[in-house]
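Welcome, and thanks for taking a look at this protein with us.

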Amino acid sequence: MSQKFFERHQPQLEQALAAAALRGYWSPFAESPSPRNYGETANDDGRAAFEALRGKPFPLNLHDADGAVGGEKSPYGFDLGITYPHVPAAKLVAASKRALQDWRRAGPQAWVGVSLEILARLNKLSFEMAYAVQHTTGQGFMMAFQAGGPHAQDRGFEAVAYAWQEMSRIPGVAIWEKPQGKNDPIRMEKHFTVVPRGVALVIGCSTFPTWNGYPGLFASLATGNTVIVKPHPGAILPLALTVKVAREVLQEAGFDPDVVLLAAHTAEEDTARQLALDPAVKIIDFTGSTANGDWLENNARQALVYTEKA
């Protein structure tokens, strides 16, 4: 199935690579919430889907959950009332490491095909995502739609495109032959394998959770790493929706859905630090305060740390 996903999205991928080479404007996702782009009922369907999530457990099945957390409040004056499975940091890392064993062997076409299918499905949920972003961050609806939906998806697609561009430079098999004068040439058949770094951690922010989260998430996923997504406690829903879609696609493609995990937690827990210091975590993408970004850079020495600090 991952091969089918790759073939399905290959034409758009090639368009993205061409745009990257020319540095011109190109987007696979419509930024206008017009019915012409998303359908006559898309807005009503998205609002209804958001309302259906309120006041109940979020439909995400994570192993090793030891309870539930929530507490998001809409800046527009109401509690979301949504709870999310809570999994201890060490168990999240252990599950991510298990899922990595098969995922890392799948190869670039599978990684990229799955990533692009996730983005395509997220685009179809852009209105539901807009309401999720609006009522966790406080953005107006149009900004929540664009930044939380198609613009965030653009950033994810761009990350996948550049990942594919670099990985596709590496030949799978190459014949190396050196002349030896009168003697037979030395001939070697070389096989090359793109090797992921390991477990990646994406630390989300409270203002633009998808727009800031998708570049790191999809760059890591498209290069064969497993990803733990740790949202800000005040803006869990947009990234929980993202993780849910990712896990559905992974399962359809025959992979362990724990390739992508959600690390929901309360504001009092130091989940980010526990995850960031785990020796298995090799990549960290962070958006947030200067103090927390500096701490990650100074302490998470086992990982490549990318920060966008205030």
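## An enclosed space

The structure holds 1 cavity of 30 Å³ or more. On a 1 Å grid over the protein atoms alone, a cavity is a set of points where a 1.4 Å probe fits but cannot get out, while a pocket is an open set with protein on both sides within 12 Å along at least five of seven lines; lining residues have an atom within 4 Å of a point. Grid points are joined across faces, edges and corners, and a volume is the space filled by probe spheres set on the points. For the largest cavity this volume is about 40 Å³.

Which residues line the largest cavity? They are L62, H63, D64, V87, K91, L92, A95, D258 and L261. By class they divide into 5 nonpolar, 1 polar and 3 charged, where Ala, Val, Leu, Ile, Met, Phe, Trp, Tyr, Cys and Pro count as nonpolar, Asp, Glu, Lys and Arg as charged, and the others, Gly among them, as polar. Helix α4 gives the most to this lining, with 3 residues; helices (H or I, at least four residues) and strands (E, at least two) are DSSP runs, numbered from the N terminus.

## How to read the model

This is a predicted model, in which local features need pLDDT of at least 70 and side-chain atom pairs count only at pLDDT 80 or more, while totals for chains, interfaces and linings use all residues. Residues are numbered from 1 along each chain as its sequence is written, and side-chain values use heavy atoms, with hydrogens and water left out.

## The sheet

An open sheet of 5 strands runs in the order β9-β8-β7-β10-β11, with parallel pairing; two strands pair if DSSP finds at least two bridges between them. Its edge strands are β9 (260-262) and β11 (304-309), each pairing on one side only. From one strand to the next, the twist averages 15°. Angles run from 0 to 180 degrees between N-to-C directions, and axes are lines fitted to C-alpha atoms, for helices over the stretch in contact.

Strand β7 (residues 199-203) pairs with β10 (residues 281-288) in the parallel sense over 5 bridges. Here L201 has I284 of β10 as its bridge partner, and V202 stands opposite D285. On to β11: 6 bridges join β10 to this parallel strand, and T287 is partnered with E308 there. Because 6 of its 8 residues are buried, β10 is largely enclosed by the rest of the structure; buried means under 20% relative accessible area, exposed over 50%, partly exposed in between (1.4 Å probe, protein chains only).

Contact means heavy atoms within 4.5 Å. Helix α12 (residues 290-299) lies across β7, β10 and β11, at about 165° to β11.

Helices α5 (residues 108-124) and α9 (residues 209-222) pack at an angle of about 145°, their axes 8 Å apart. From α5, W111, V112, S115, I118, L119 and L122 meet Y214, F218, L221 and A222 of α9. That contact has 9 nonpolar, 1 polar and no charged residues. Leaving aside neighbours within four places in sequence, S220 is in contact with A200, N225, V227, I283 and D285.

The largest pocket has a volume of about 400 Å³. Of the 21 residues that line it, I203, K230, A272, F286 and N292 lie nearest its centre. Helix α11 (271-276), β10 and α12 are the elements that give two or more residues to this lining. By class, the lining of the largest pocket has 8 nonpolar, 9 polar and 4 charged residues.

The second largest pocket has a volume of about 320 Å³. It is lined by 16 residues, with A19, G24, W26, D154 and E158 closest to its centre. The elements giving two or more residues here are α1 (2-22) and α8 (150-167), and α8 supplies the largest share, 6 residues. The lining of the second largest pocket has 10 nonpolar, 2 polar and 4 charged residues.
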